[in-house]
Structures are given as structure tokens and as C-alpha cells.
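Dear colleague,

My notes on what was found in it follow.

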Amino acid sequence: FKMASTKMILDLDTGVDDALALALAICDPRVDLIGVIASYGNTLVETSAQNTLNLLHLLGENDVPVYLGESHSSTTDHFDVMPISKAIHGEHGVGNLSLATATRKIEQTSGIQFLIDMAHKYQDELIYVPTGPLTNMAKALKIDPEISHLIGNTTLMGGALTVPGNVTPFTEANINQDPEAADLVFTTQENLTMVGLDVTLRTLLTKKDTQQWRELGTQAGTAYADLMDFYIEAYDRLDIDHRGAALHDPLAVAVAIDPSYVVTIPLNMRVTYDKDTKDYGRTIGDRERLLEPTTTNVAVSVNAKRFVRDFMDFMIAVLKA
Ligand code: CA
């Protein structure tokens, strides 16, 4: 049962680390996960939605509705999964695992409308956590600008302020998918927290950790260990990090629930999107809004030890069941 009055909506391009974020959101009793919006990104949008449903089914949560978001960026009419995404997340986003198909189906209403409706319904009590491109939120903001004031807190995984990007020296992968959408979100959404590479690259999980999930002897424990090991091996093989794999998306969920995991600086941000410049897709302070009240907090340091320990405790609890 859940007593939490705080409602959470995830917006996932599921995705290995999205799968971890999903599990964390399910088992933290401080929030009630009321729905998941699918995004394109690590996979096509339909694959992302089906992956989320299948993972929810694996975790015994068949009550959480999953909605489709946009299938491509705000400036294109088509999306192909990048080869690097397949190398990191597997051909279909879940580390080449074949998960049992959920009985629940993808909802018929759009994820964009769902976000708008829930923003009006729950207002301050709503936390929205996008861990993929910001295309869905930008579209919702265009349809109904009022949600920029309504949503209690938006904590996004994306961007890089104090460290280089992972696509270019300036650009992080989620932002790179749709810099125009990201700029709209950063320049209009209130109560925004950026959980970017500045902090997520400092939170690593190893095979020693996933071995603990495997040893639970449950179907979910084995599946999540296989999933994460695929990702850890990809990090090693692709020379991203040989010490472990970063907990990008679950850190955003954790910070959304408990901001004390990170140290933030208040800064009005924007995203540069001039294709002719080498800093295309850069998350940087907004010179035009330096004198205005700040709407964004940027995480620049993290208590990684405490986060990884708490993350492991929650994961073991959810995978044990
Ligand atoms: Ca993601």
C-alpha cells in the first residue's frame, strides 16, 4: 500500500538506467508513481513504452498506466535509434533480454495530455522526472504554458555544466536529441532541477553490486542483474568507464524525492541550439536572465556513497518480492 501524497510521473526512454529509475520510483514509499510517459531516445517510443510495461509486470506492478509521448524530436519528422544507444542499452533497450510481455496495454490517450491533466489535478503535489529527451515536456508547455507554474517540481536527467558532455565536449545525450525542446523547458519551467553528468558520472554500480541482486534468486533479481551487467560491460567495452556504470536516471528519481543527495547552485539556464556552432546542445547559464529570480537548481556535487547505498537497499527490497 501507499500513503504518499506526493505523486510522481516518470518520462522514460527505457533504456537500462531508465529501468533502474522505474524500480526505484516503485519501491520508494515517499512517492506514488501515477504513470509513465514514454519517450523516443534509447529506443523508439513504442519500444520504450512496451519495455516499461514489461518491467512493471516483472516487478509485479500492473496498476501503473504507460502513455506514449512523441516519436521524434520537435524539429524532425522521424527518429532512428543511434548505433551507440544500441551498443549501450541493447538492440531494444533492455540489454538484449527477452522479458515476458505484460498483460496490460499501452494507454490510448497521449502522454502529453496526461502530463497536462495531472499538472492541473495535483499541482504542487506532482513531481515530474524526465530521464530522456525533453520533447514531451516542451510539447506540453506549448499546448498549455500554465503547467510551467503548476508542477511542484521537475527533476530532469540531462545536461552537463561543470564537466564535458558525452556526445560532444559540450553536449549530453538527452539534450542532444532535442536541444530546442530542452531550451524551452530550461527557459520557461519553474522549480526545475538539473541532474546532469556533473553528478551522475560519480555514481557507479559494479558487478559486485548486481551479484547481490542475482543472489536473491528471484526472477526480477536475475533479470535486473542481467540487464545492468550488459550496461556495465558496455561501459567497459566502449571505454566510457572501466570502474562501473553510471546511475544516471535513478539518481534523478532519488534527487526528486530527497534533494539532500546533491549540492546545487541556483542558475537560470538555457540550451544553445545553433547548428553552425560547436557548442550545439550545450546547457549553460542564460545571459539574458542573469538578473532574474532563478528557476533552476543545477546539481554540481553528490553524496555518491549515501546514494548508492540507499539505491541498493531499495533495489534489493523491490527485487526480493
Ligand atoms: Ca534515459
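**Calcium site**

The calcium ion has protein donors from Asp13 (OD), Asp18 (OD), Asp18 (OD), Thr131 (O) and Asp249 (OD), at 2.3 to 2.7 Å from the ion. Please bear in mind throughout that the model is a predicted one. Along the sequence, the donor residues follow the spacing D-x4-D-x112-T-x117-D. Asp13 belongs to the loop between strand 1 and helix 1, whereas Asp249 belongs to helix 12, so this pair ties together parts that are 236 residues apart in sequence.

Are Asp13 and Asp249 buried or exposed? Asp13 has a relative accessibility of 1% and therefore counts as buried, the cut-off being under 20%. Asp249, at 2% relative accessibility, counts as buried by the same cut-off.

**Aromatic pairs**

The count of aromatic pairs in the model comes to six. One of these is formed by Tyr261 and Phe307: the ring centres are 5.8 Å apart and the planes stand at 80 degrees, so the pair is edge-to-face, a class that requires an angle over 60 degrees. Distant parts of the chain are linked by this pair, as Tyr261 lies in the loop between helix 12 (248-257) and strand 9 (262-266) and Phe307 in helix 13 (residues 304-320), 46 residues apart. Tyr261 and Phe307 are both buried.

Which residues do ring pairs link into a cluster? The cluster consists of Trp213, Tyr261, Phe307 and Phe311. Tyr261 also has a charged neighbour, since Arg306 lies over the face of its ring, 4.1 Å from the ring centre.

**Largest cavity**

One cavity of 30 Å³ or more is present in the structure. The space in the largest cavity amounts to about 50 Å³. Its lining is made up of Leu24, Asp28, Arg30, Ala254, Ile257, Tyr261, Phe307, Asp310, Phe311 and Phe314.

Where does the largest share of the lining come from? Helix 13 provides that share, with four residues. Helix 12 and helix 13 each contribute at least two residues to the lining. Sorted by class, the lining of the largest cavity comprises seven nonpolar residues, three charged residues and no polar ones.

**Backbone features**

- Thr14 and Gly15 are joined by a cis peptide bond, with omega at about -15 degrees. Gly15 is located in the loop between strand 1 (7-12) and helix 1 (16-27); Asp13, a donor of the calcium ion, is in the loop between strand 1 and helix 1 as well.
- Asn191, a residue other than glycine, has a positive phi near 50 degrees. Asn191 sits in the loop between helix 8 (179-188) and strand 6 (192-195). With a relative accessible area of 42%, Asn191 is partly exposed.
- Asp239, likewise a residue other than glycine, has a positive phi near 60 degrees. The loop between helix 11 (219-237) and strand 8 (245-246) holds Asp239. Its relative accessible area is 57%, so Asp239 counts as exposed, the cut-off being over 50%.

With kind regards

Key:
Residues are numbered from 1 along each chain as its sequence is written. This is a predicted model: local features need pLDDT of at least 70, side-chain atom pairs count only at pLDDT 80 or more; totals for chains, interfaces and linings use all residues. Side-chain values use heavy atoms; hydrogens and water are left out. Rings of Phe, Tyr and Trp (its six-membered ring) pair if their centres lie within 6.5 Å; planes under 30 degrees apart count as stacked, over 60 as edge-to-face and the rest as tilted. Buried means under 20% relative accessible area, exposed over 50%, partly exposed in between (1.4 Å probe, protein chains only). A charge sits over a ring if NZ of Lys or CZ of Arg is within 6 Å of the ring centre and within 35 degrees of the ring normal. Donors are N, O and S atoms within 2.8 Å of the metal (3.2 Å for Na, K and Ca); water is not among the atoms, so sites may look incomplete. On a 1 Å grid over the protein atoms alone, a cavity is a set of points where a 1.4 Å probe fits but cannot get out, and a pocket is an open set with protein on both sides within 12 Å along at least five of seven lines; lining residues have an atom within 4 Å of a point. Grid points are joined across faces, edges and corners, and a volume is the space filled by probe spheres set on the points. Ala, Val, Leu, Ile, Met, Phe, Trp, Tyr, Cys and Pro count as nonpolar, Asp, Glu, Lys and Arg as charged, and the others, Gly among them, as polar.
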